[in-house]
Amino acid sequence: MEDHQIFRLALATSIIGLLGMVVFAGQIMPREVKISQIDRGMLDEDVTVEGVVQEVGKSKTSNTYFLKVMDGTGEITLVIFDSSATDIEKGNLTIQGMDKRRINAVGTVSEYRGSMEIILKDAKSLRIVS
């Protein structure tokens, strides 16, 4: 095979790969995990969890909420920062009203004071299942 043929083949493969990435980028979803599977090896990874909100807490100094979510395999805190909380409540939902409801959330695995938690990506990443 000659150099110009190899170049054309490499160029065509690169273009097809880039087009594939553009087309499928919006369809790539974070993997769904059970809460018991979340560990330090997943720090900074985006995940999807589904579970029942056991408790809703709010920061005394800001509009940040902390939801204790249980899925039957474990419990984890879902952190909803002020900007996301404001956007959620603009959509006719109250975070306090999520208590004892089943939710599906997409967020980033983080660690705070030795405990694993999930930080909600944005308001669109939280939905009530039932």
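Analyst: Accessible areas here come from the Shrake-Rupley method with a 1.4 Å probe, and for residues only the protein chains shown count as cover. On that basis the chain has an accessible surface of about 8,500 Å², with 54% of it belonging to carbon and sulfur atoms.

Some ground rules first. This is a predicted model, where local features need pLDDT of at least 70, side-chain atom pairs count only at pLDDT 80 or more, and totals for chains, interfaces and linings use all residues. Residues are numbered from 1 along each chain as its sequence is written, and side-chain values use heavy atoms, with hydrogens and water left out.

For the layout, helices (H or I, at least four residues) and strands (E, at least two) are DSSP runs, numbered from the N terminus. There are two helices and seven strands, and they run α-β-β-β-β-α-β-β-β from the N terminus on.

Now to your salt bridges, meaning a side-chain nitrogen of Lys or Arg within 4 Å of a carboxyl oxygen of Asp or Glu. The whole structure has five of them; here are some in detail. For exposure, buried means under 20% relative accessible area, exposed over 50%, and partly exposed in between (1.4 Å probe, protein chains only).

Start with R31 and E45, whose side chains meet at 2.7 Å, N to O. R31 is in strand β1 (residues 31-32) and E45 in the loop between β1 and β2 (46-58), so to speak 14 residues apart. R31 counts as partly exposed at 45% relative accessibility, and E45 is partly exposed too, at 25%.

Next along is D46, which pairs with K121; their closest N and O atoms are 2.9 Å apart. K121 lies in the loop between β6 (115-120) and β7 (126-128) while D46 is in strand β2, so this bridge ties together parts that are 75 residues apart in sequence. Both partners count as partly exposed, K121 at 44% relative accessibility and D46 at 26%.

Strand β2 also holds E50, and its partner R102 is in strand β5 (residues 102-112), 52 residues apart. The E50 and R102 side chains meet at 3.7 Å, N to O. E50 is partly exposed at 25% relative accessibility, as is R102 at 30%.

As for the chain overall, with contact meaning heavy atoms within 4.5 Å, residues 24 or more positions apart account for 54% of the contacts with a separation of 6 or more. Of the 130 residues, 32% count as buried.
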